[in-house]
Amino acid sequence: MLVQPPRTSLADAAANSIRTEIAAGRWPIGSRIPIEPQLAQLLGVSRGTVREAVKTLVSRGLLEVRQGSGTYVRSGFDPSASLQKLRLASLRDQFEVRRALEVEAARLAAVRHTAKDLRRLNALLDKRGQPDLADGGAAFIERDLAFHLAIVDVSGNLALVETCRFITGYIKETIASTLSASLPEPDEAAHRAIVEGIASRDPERAAAAVRELMAPTLNALALGTA
């Protein structure tokens, strides 16, 4: 029998027990884990608790549910620990990583974009509009995020796309920080310059536009004025 979880936070404890089996190699990548009733018996919890635990591990990319077949081990890497470490990074660190990723995304997008891609970027930039703090900036943050992630999509680099989506929460934090009075918010012209750089099919122009957009914020953080 697997180590039975304590009564508190049963779903989380059950997920930890399943994760332990995966990490130990007893359930290797690609293998099917025991079915729900068997897991419930092994863990000494209800089937509902097992469903919650599996749902948690699916969301973290460790498990994959295949309809009509079962639940399979997808990965042995749990990103939650990395996310916890990212939370300790300074705002300056987060902006520097974002700049590095978006510079390369713009560079690739300049080479690989289609006419349809440009129409999408322009439409998202138009929709982005000006900063709006009516709802605490939440709607604007989502619109700005959609524009920047679209550039990453246009890069055509799946690893880059997945990396940026992995840190979406931290990209949102950097956007939110520029809505405060202490950090400069890049204006529409700076964003438009990125699209124009991509449209020019000049990778260096597109990359420079991203650097210029990020520069005022990073300078403010480096000087400690934020």
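Author: This is a predicted model, and the second largest pocket in it has a volume of about 260 Å³.

Reader: What lines the second largest pocket, and which residues lie nearest its centre?

Author: The lining consists of 13 residues, and those nearest the centre are Ile35, Glu36, Val54, Gly70 and Thr71. At least two lining residues come from each of α2 (36-43), α3 (47-59) and β2 (70-73), and α3 supplies the largest share, with 3 residues.

Reader: How do the residues of that lining divide by class?

Author: There are 7 nonpolar, 3 polar and 3 charged residues in the lining of the second largest pocket. Of the residues nearest the centre, Gly70 is included, and Gly is counted as polar under the classes used here.

Reader: Why are α1 and α3 called oblique to each other?

Author: The axes of α1 (residues 10-23) and α3 come within 8 Å and cross at roughly 60°. Angles under 35 degrees would count as roughly parallel, and 65 to 115 as roughly perpendicular; α1 and α3 are therefore oblique to each other. The crossing of these two helices is right-handed.

Reader: Which residues of α1 and α3 meet, and what makes this a contact?

Author: Contact requires heavy atoms within 4.5 Å, and on the α1 side the residues are Leu10, Ala11, Ala14, Ala15, Ile18 and Arg19, which meet Thr49, Glu52, Ala53 and Leu57 in α3. By class, this contact has 7 nonpolar, 1 polar and 2 charged residues.

Reader: What makes a space a cavity rather than a pocket, and how many cavities are there of 30 Å³ or more?

Author: A cavity is a space where a 1.4 Å probe fits but cannot get out, whereas a pocket is open. By this rule there are 2 cavities of 30 Å³ or more. The largest cavity holds about 70 Å³ of space, and Arg98, Asp144, Thr178, Pro186 and Leu213 are the closest to its centre among the 13 residues that line it. α11 (203-223) is one of the elements that supply at least two residues of this lining, and α11 gives the most, with 3 residues.

Reader: What volume does the second largest cavity have, and which element gives the largest share of its lining?

Author: About 50 Å³ of space lies in the second largest cavity, and the largest share of its lining, 4 residues, comes from α7. The lining includes Arg98, Glu102 and His148, and by class it has 6 nonpolar, 1 polar and 2 charged residues.

Terms used:
Residues are numbered from 1 along each chain as its sequence is written. This is a predicted model: local features need pLDDT of at least 70, side-chain atom pairs count only at pLDDT 80 or more; totals for chains, interfaces and linings use all residues. Side-chain values use heavy atoms; hydrogens and water are left out. On a 1 Å grid over the protein atoms alone, a cavity is a set of points where a 1.4 Å probe fits but cannot get out, and a pocket is an open set with protein on both sides within 12 Å along at least five of seven lines; lining residues have an atom within 4 Å of a point. Grid points are joined across faces, edges and corners, and a volume is the space filled by probe spheres set on the points. Axes are lines fitted to C-alpha atoms, for helices over the stretch in contact, and angles run from 0 to 180 degrees between N-to-C directions. Angles under 35 degrees count as roughly parallel, over 145 as roughly antiparallel, 65 to 115 as roughly perpendicular and the rest as oblique. A crossing is left-handed if the near helix is turned anticlockwise from the far one by less than a right angle, and right-handed if clockwise.
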